[in-house]
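This report describes a protein model with the sequence and coordinates at hand. Please view both alongside the text.

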There are 2 protein chains.
Amino acid sequence: MTDVRIVGAGMTPFGDHAGRTGRELFGDAARRALEDASLPADAVDELFFSAFAGELSESQSHQGPLMASAAGVSAPATRVEAACASGGAAVRQAVTAIRAGVADVVLVGGGEKLTHLSTPDATEALSLAADERWETRIGTTFPGAYALMTRAYFDRFGADRTDLAHVAVKNHANAVDNELAQYRNEITVEDVLEAPIVSEPLGLFDSCPLTDGAAALVLASDDVVRSRNLPASVAVAGVGQASDRLSLQERDSLCETPATETAAERAYAASGIGPSDVDLAEVHDCFTIAEVLAIEGLGFAENGEGYGAARDGTTTATGSIPVNLSGGLKAKGHPVGATGVAQIAELVKLLTGGHANADAVPDATVGLAHNAGGTVASAVVTVLEVVE
Amino acid sequence: MTDVRIVGAGMTPFGDHAGRTGRELFGDAARRALEDASLPADAVDELFFSAFAGELSESQSHQGPLMASAAGVSAPATRVEAACASGGAAVRQAVTAIRAGVADVVLVGGGEKLTHLSTPDATEALSLAADERWETRIGTTFPGAYALMTRAYFDRFGADRTDLAHVAVKNHANAVDNELAQYRNEITVEDVLEAPIVSEPLGLFDSCPLTDGAAALVLASDDVVRSRNLPASVAVAGVGQASDRLSLQERDSLCETPATETAAERAYAASGIGPSDVDLAEVHDCFTIAEVLAIEGLGFAENGEGYGAARDGTTTATGSIPVNLSGGLKAKGHPVGATGVAQIAELVKLLTGGHANADAVPDATVGLAHNAGGTVASAVVTVLEVVE
């Protein structure tokens, strides 16, 4: 099977880009990724673009050709959408295209413009990822859905809001030195517990923000890496994707995320790498509870035990498996379509030493990205490995 | 390279499905395709779902997992979007997944619910495929954009409305016996010329309708076809996709569609099949002019000469290369996300004798599908071939 390397990564800062358009943001990210790869735009054979809310936020679908132009690329261009897991799904399609021999060099991008929306408009846009018939129509939006999952988890395993608060505290601490992050301020457990409640028991600091931003990766076949003598030391060791019922009511349990488990099994099987081999991970912490469910689903903690991982230091920057060294969705920000692409861009820089937090993981060779959509009806897990 | 076969095809009737939901329609199409393939739902390794307007028409994105459930499938499920070319792009991803060894059996589907929308709401939904910044914002919608292309074509090549009317007359005649078609009534050249003008020089009968419907295909690797002894005689000989600048103003010419030309070149190169080998084609006739531009871009006519093909009989059911024997978007209907999938489903049945119009092409072995997005900013060309 063709080995796939990540040969370039680029991002815009995440945050408020008032007055700029989605295409401008992606143009910036793509330029940076191509520069990082030392490849010209005309080397790109294919573009996959991850976008989620463009229809409502910028009255724009058909973003494939639009973003190809923004990147200066002339290639087949396709938008991939799996709600908040769109970015991970787009990366997976890029890997598949290279492995099939359809493309040698693929640009994968994602982006979103959300901060200009009012809270009701943003809530409406994000709620498109839930089941309209059985969730949205009766008023369930994502803070409410994740609050239901949190309550079920608390009831079953005895965790509490303080456990979750440590997730937010950790991720804010990690973002302080990440110059691309939206929130670079440290917060305390008290800040989290005293913040306004969004949907009981989740408060403002249990929730990721609305964010503008874009991210891009250049992936290439081993052949291209060799023939062009590219200094690309990070390989995609394995990718797995899985889906679950869209609405919570159709699930057997609110305390587990089988799509994450299955996606991880597939990525581990493809890569020959297991959870104990993973040195660091970027996981989908759209809410603090989501990070807990993610590390359990990925096998970094047993079911019902992941809630203690931030509090006891396991997943902090100095812990045995640092999680969300970028700051995560919570503090780095969550421009939906960009997120899954950005997770991998962050991992590449953490693994290769080009990241402000790379000194936390000096010997790391294996990184994992976990990107989830909705209440984890979609999950994509990507395992990266440093190779010769 | 792994050979990819089409082992099952299923569609709903195209038309007005008032009171039914998109997921119900796709459930029907998927069930029919799986039955046609004699495969159980749990044989499916992957789902690609093509949807375009769901965000506005049903307040629903994240349709991958939703449609997996509707089909009874538990597999990675991803939505693919390239405006009106979404279906073709989804089929291409399915072929790629099988060729990469990611999946052995892929369900590809597409669907749309549009007829419940008011004309302004439908126009708004469809216009998301144009460039918001340089087209939609100043009032350009698709009838207007294609009218500009038509005027440029008329000016340059001397064609007139009567030439285009023959395209609509032909496609309506083809739909008469297609029980899945939305409009099964014959029309005359006079009907077309006397119909209300939508955007000068395009009239009502130059334009495809709003349609509800869904379509599904089951694709499988050669290995699965052999090991399960499936009677699948249609192979995907080649697929090509290309993109162009999204807005018309950025193009060099309004009378050519380079995305179609490039997508066709790629599909021909991949298949070793040329335009003269093609026995029948389904092309993207969202407006009558679009069929003319398509057959020129595909190499069935020289640039500037395709306008005579319906009028002189070349592309009619009894012509040398029948185009849109299904009735095309014009008469069969255009449920956007379903269209590119349905074109291939129609071709399979035309090539294998399971179609009311199959007796028009009794010796056909090569069929071509051409699916376009926007003003052909996206194009996907798929060449099918009957094999042993």
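## Basis of the model

This is a predicted model, in which local features need pLDDT of at least 70 and side-chain atom pairs count only at pLDDT 80 or more, while totals for chains, interfaces and linings use all residues. Residues are numbered from 1 along each chain as its sequence is written, chains are lettered from A and ligands numbered from 1 in the order in which they are written, and side-chain values use heavy atoms, with hydrogens and water left out.

## Relation of the two chains

Two copies of a chain are related by a rotation about an axis and a shift along it. Here chain A is superposed on chain B by a rotation of 180° with 0.0 Å of shift along the axis, at an RMSD of 0.0 Å. The two copies are thus related as by a two-fold rotation axis. In chain A, Ala100(A) has the C-alpha nearest this axis, at 1.9 Å. The superposition is by least squares on the C-alpha atoms of residues with pLDDT of at least 70 in both copies.

Both copies use the same surface, since 100% of the contact residues of chain A recur in chain B. Contact means heavy atoms within 4.5 Å.

## The interface

Chain A gives 52 residues to the contact, and chain B gives 52 residues. About 4,000 Å² is buried between chain A and chain B, with carbon and sulfur atoms giving 49% of that area. Of the area that chain A buries against chain B, 17% comes from His62(A), Glu81(A) and Leu128(A), more than from any other three residues. Buried area is the accessible area (1.4 Å probe) that two parts lose on being put together, summed over both.

Glu132(A) lies in the loop of chain A between helix H5 (119-127) and helix H6 (142-157). Helices (H or I, at least four residues) and strands (E, at least two) are DSSP runs, numbered from the N terminus. With residues up to four places away in sequence left out, Glu132(A) touches Arg137(A) in its own chain and Arg23(B), Glu58(B), Ser59(B) and Gln60(B) in chain B. Glu132(A) counts as buried because its relative accessibility is 17%. For single residues, buried means under 20% relative accessible area, exposed over 50%, and partly exposed in between (1.4 Å probe, protein chains only).

## Annotated region

The unreviewed UniProt entry carries the annotation "domain: Thiolase N-terminal" for residues 4-222 of chain A. UniProt positions are given in the numbering used here, feature names are shortened, and annotations may be inferred rather than shown by experiment. Over residues 4-222, chain A is 41% helix and 18% strand, and the end C-alpha atoms are 6 Å apart.

## Helix H10 of chain B

Helix H10 of chain B (residues 258-271) has 14 residues and spans 20 Å from its first C-alpha to its last, close to the 20 Å expected at 1.5 Å a residue. The expected span is 1.5 Å times one less than the number of residues. Buried in H10(B) are Ala259(B), Thr260(B), Ala263(B), Ala264(B), Ala267(B), Tyr268(B) and Ser271(B). They cover an arc of only 160° around the axis, so they sit on the same side of H10(B). The arc is that of the directions from the helix axis to the C-beta atoms. An α-helix has 3.6 residues a turn, so residues three or four places apart point the same way.

The buried residues of H10(B) pack against strand E8 (234-243), helix H11 (288-297), strand E10 (366-373) and strand E11 (378-386) of chain B. On the other side of H10(B), Glu265(B) and Ala269(B) are exposed. After H10(B) comes Gly272(B), with a positive phi near 70°.

## Backbone geometry

Most residues other than glycine have a negative phi, and most peptide bonds are trans. Glu200(A) and Pro201(A) are joined by a cis peptide bond, with omega about 5°. Pro201(A) is in the loop between strand E5 (197-199) and strand E6 (202-203) of chain A. In chain B, a cis peptide bond with omega about 5° joins Glu200(B) and Pro201(B).

Ser38(A) is a residue other than glycine with a positive phi, near 55°. Ser38(A) is in the loop between helix H1 (22-37) and strand E2 (46-50) of chain A, and is exposed, with a relative accessible area of 57%. Ala83(B) also has a positive phi near 55°. Ala83(B) is in the loop between strand E3 (77-81) and helix H4 (86-99) of chain B, and is buried at 0% relative accessible area.
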